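Trainee: I have a structure open on my screen and would like to learn how to read it. Could you walk me through it?

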Amino acid sequence: MGKRERLSGNEAVAIALRQINPDVFPAFPITPSTEIPQYFASYVANGQVDTEFIPVESEHSSMSAAIGAEAAGARALTATSSCGLAFMWEELYIAASNRLPLALALVNRALSGPININCDHSDSMGARDAGWIQMYAENNQEAYDNMVQAYRIAEHKDVRLPIMICQDGFITSHAVENIELLDDADVKNFVGEYEPETYLLNPECPAAVGPYSITDYYFEAKRNQAEGMRHVPQVVLDVAKEFAAVSGREYGLFEAYRMDDADRAVVIIGSAAGTTKDAIDALREKGEKVGMIKIRLYRPFPADEIAGALGKVKAVAIMDRAEGYTNHGGSLGADVMAALFRARSQALAVNYIYGLGGRDVRVTDMEHVYAELQKIIDNDDAGETYRFMGIRE
Amino acid sequence: MSNVTEIRWHGRGGQGAKTAALLLADVAFQTGRYVQGFPEYGPERMGAPITAYNRISDMPIRVHSNIYDPQYVVVVDESLLETVDVTAGLKKDGAILINTARPKEEIVPRLKGYEGKVYTIDARRVSMATLGKYFPNTPLLAAIVKVAGIMEEERFLTEMKFSFSHKFASKPEVIDGNMAALKMALQEVR
Amino acid sequence: MATDISKLGVKVKWQDLTEGMLIAGAGTSKEFPTGEWTAVKPEIDWEKCKQCLLCAPVCPDSCIPVADKKRLDFDYDHCKGCGICVKACPFGAITMEGVK
């Protein structure tokens with residue numbers, strides 16, 4: 001079962017897509033996601049997939065074509081980064097509100113400006129309220145595994161929402177690391193065939209997709225859409241359980257790392273979580289009770305579960321790899337703090353902005369965050385709650 | 001943590017430092033180890049200084065930062081000795097490998113007092129003799145495998161032959177030249 | 001399976017809406033009296049009508065039904081009063097307030 005390999009995150013996702021063999025893949029290149037359609041185009045040329053690969057003229061068009069294909073009854077996806085995602089803005093909402101379970105392989109990159117090609121989460125964080133499911137990966141293995149599970153979640157009859165599978169630009173997309181791939185047949189069996197109930201290319205039952213909804217309907221339509229999102233966490237867990245049976249790799253809504261007796265915790269998304277694990281292990285060797293929550297499912301946000309996992313901590317640092325311009329932190333900070341408030345948590349919480357535009361995150365940076373959390377506990381005061389990790393000042 | 005070998009590559013865009021790092025990750029992976037090979041992207045143009053990194057370990061690698069305190073540094077382009085602080089953080093019990101035609105005695109004074117071992121190889125001479133063109137990364141790959149003791153030479157050559165036969169499946173005529181470059185480099189590094 | 005649009009009146013609860021507001025099945029617009037959208041309507045003078053049928057195909061809302069090679073009276077439930085049929089009639093048999 002499975003095959004040990006060493007691959008970049010982009011190639012890993014491209015291989016997952018080859019194994020899934022989707023029906024339609026419209027694509028427009030943008031760094032650092034370009035390699036995904038590039039690898040995939042070679043699979044098309046080699047006859048390894050029978051996907052309709054459409055080179056379009058912009059991301060506005062790639063997402064539009066994916067939406068059209070999905071509405072027609074095809075399993076569709078595209079890939080992008082940064083400004084490419086921004087150019088899909090209008091269509092992101094169309095895909096979600098029309099309940100089209102297409103997939104987007106997103107390779108996180110900073111938005112301009114200043115123009116920058118490196119990793120942060122400002123692109124996907126901006127799209128967090130568009131109605132898409134968002135999943136994030138720590139490394140190439142998780143990006144691959146999330147991609148394999150994506151359609152099972154998105155297409156589930158209780159969900160039917162588009163899904164964004166995110167990984168960190170360059171840090172995981174361009175780093176070659178060890179990975180374990182599933183057999184092609186296992187992926188094919190796991191993902192299964194897409195059988196939509198209603199689709200435009202069904203001559204037996206014509207349909208209207210995306211009709212105008214006047215004020216009398218719009219509000220109820222959005223509430224109906226929200227209901228699909230409410231079913232996502234259970235479906236994610238169910239699919240993860242089935243995936244574990246095939247792969248041996250277990251996933252939840254988030255990963256709680258050494259949290260059992262932790263009095264200090266970090267909540268973080270993406271590749272810096274791995275770096276944080278090394279910091280935690282080093283501090284644990286010295287007897288410090290530190291742990292981490294790594295977000296896998298960010299939209300919908302598993303607020304109650306995260307508040308539960310943070311139930312015993314005295315201080316928590318929430319790490320945002322995107323600026324929110326709220327004057328008090330980023331969006332993950334806001335989500336986690338709201339969850340803690342609703343759970344009547346007594347934890348002292350601070351929000352760090354970090355890693356923008358590819359700024360490197362070192363083990364020592366994370367050790368410093370835990371040291372700051374200790375000070376907060378000692379002072380019984382969170383102090384400044386809107387902080388910047390490793391900024392020159 | 002302590003069993004991780006960390007290597008930093010300094011080169012110029014277009015010289016193949018990134019490719020060399022990925023090849024090293026590849027060949028170390030073949031020995032059953034955990035690997036990372038990744039570039040640090042700066043200005044995307046030919047000739048600009050670039051950095052690439054390798055971690056090689058017996059345990060899964062989780063850290064995703066750049067490498068600041070490497071055990072080994074490889075300098076693909078000698079002209080970087082003046083413009084880049086190539087020995088920054090380099091461990092004293094590690095080593096630096098420099099691609100140069102000059103004798104070691106001329107290179108050591110340019111290393112800002114680095115006290116560890118210094119190795120040199122004339123990758124241009126090796127490459128021209130075996131490939132007829134200047135591709136520094138193949139000789140440097142062999143040299144760093146030897147210097148850092150990544151794997152036994154015989155095993156390395158076997159794995160690389162396998163790797164080249166895939167990589168150059170469409171132009172098998174270059175396989176022998178590349179293999180000769182590896183073998184010559186293993187002899188020439190000093 | 002076609003959507004049962006009889007349940008989709010303006011008092012519908014969110015639970016009873018279709019996912020994504022998708023409407024399955026053809027011809028469902030018949031159930032919506034869009035003729036309410038106008039106060040002025042065309043009228044036909046059967047004395048002047050020669051049954052040439054030039055009016056029927058130009059109606060954007062298919063509100064001029066034809067049976068046995070003869071046009072029937074307007075479908076006022078769906079006629080939005082655009083007046084195109086007035087212009088199309090060569091015999092001045094169709095009139096509507098505000099259209100010459």
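Mentor: Gladly. In chain A, 6 strands make up an open sheet with mixed pairing, in the order 10-12-11-14-15-16. Keep in mind that this is a predicted model.

Trainee: Which strands stand at the edges of this sheet?

Mentor: Strand 10 (254–257) and strand 16 (386–388) of chain A do. Each has a single partner strand, so one side of each is left without a neighbour in the sheet. Neighbouring strands of the sheet are turned against each other by 20° on average, with direction ignored.

Trainee: Do strand 11 and strand 12 of chain A run parallel or antiparallel?

Mentor: Strand 11 (residues 264–268) and strand 12 (residues 290–295) of chain A run parallel and are joined by 5 bridges.

Trainee: Which strands of chain A does helix 11 lie across?

Mentor: Helix 11 (residues 272–285) of chain A lies across strand 10, strand 11 and strand 12, at about 165° to strand 12 of chain A. Helix 13 (residues 331–342) of chain A lies across strand 11, strand 14 (315–320) and strand 15 (348–353), and its angle to strand 14 of chain A is about 150°.

Trainee: Now the domains. How is chain A divided?

Mentor: Chain A has domain 1 (3–246) and domain 2 (254–388). Their centres, taken over C-alpha atoms, are 28 Å apart. The contact between them takes 24 residues from domain 1 of chain A and 20 residues from domain 2 of chain A.

Trainee: Which elements supply the domain 1 side of that contact in chain A?

Mentor: Helix 6 (122–126), strand 6 (133–136) and helix 10 (232–247) of chain A each supply at least two residues to the side of domain 1 that touches domain 2. Strand 6 of chain A gives the most, with 4 residues. By type, that side of domain 1 of chain A divides into 13 nonpolar, 7 polar and 4 charged residues.

Trainee: And how is chain C divided?

Mentor: Into domain 1 (1–31) and domain 2 (33–100). The centres of these two domains of chain C are separated by 29 Å, again over C-alpha atoms.

Trainee: Let me move on to the chains. Which pair has the most contacts?

Mentor: Chains A and B, among the 2 pairs of chains that touch. Chain B and chain C have no contact, and their closest C-alpha atoms lie 41 Å apart.

Trainee: What should I look for where strand 9 of chain A joins chain C?

Mentor: Look for strand pairing across the two chains. Strand 9 of chain A and strand 1 (residues 23–24) of chain C run antiparallel and are joined by 2 bridges. One place to look is A:A208, opposite C:I23 in strand 1 of chain C.

Trainee: How do I read strand 3 of chain B, and is this strand mostly covered or exposed?

Mentor: Start with burial: strand 3 (residues 49–57) of chain B is mostly covered, with 8 of its 9 residues buried. Then check its partners. Strand 1 (residues 5–12) of chain B runs antiparallel to strand 3 of chain B, with 8 bridges between them, and B:R8 has B:Y53 as its bridge partner. Strand 2 (residues 34–40) of chain B also pairs with strand 3 of chain B in the antiparallel sense, over 7 bridges; there B:P39 is partnered by B:A52.

Trainee: Finally, how many residues does the largest nonpolar core have?

Mentor: The general idea is that in soluble globular proteins, nonpolar side chains tend to be buried together. Here the largest nonpolar core has 187 residues, and A:I163, A:I165, A:V267 and B:I144 have the most contacts inside it. Helix 1 (residues 17–29) of chain B gives the most to this core, with 10 residues. A second, separate core of 10 residues includes C:C55, C:F74, C:A93 and C:I94.

Trainee: Which residues does B:I144 touch?

Mentor: Leaving aside residues up to four places away in sequence, B:I144 touches B:I7, B:L24, B:Y72, B:V74 and B:L97.

Definitions and conventions: Residues are numbered from 1 along each chain as its sequence is written. Chains are lettered from A and ligands numbered from 1 in the order in which they are written. This is a predicted model: local features need pLDDT of at least 70, side-chain atom pairs count only at pLDDT 80 or more; totals for chains, interfaces and linings use all residues. Domain bounds come from an automatic or database domain assignment. Two residues are in contact if their C-beta atoms, placed from the backbone, lie within 7 Å. A nonpolar core is a set of buried Ala, Val, Leu, Ile, Met, Phe, Trp, Tyr and Cys residues joined through C-beta atoms within 7 Å. A residue is buried if 20 or more other C-beta atoms lie within 10 Å of its own, exposed if 12 or fewer, and partly exposed in between; C-beta atoms are placed from the backbone. Two strands pair if DSSP finds at least two bridges between them. Axes are lines fitted to C-alpha atoms, for helices over the stretch in contact, and angles run from 0 to 180 degrees between N-to-C directions. Ala, Val, Leu, Ile, Met, Phe, Trp, Tyr, Cys and Pro count as nonpolar, Asp, Glu, Lys and Arg as charged, and the others, Gly among them, as polar.
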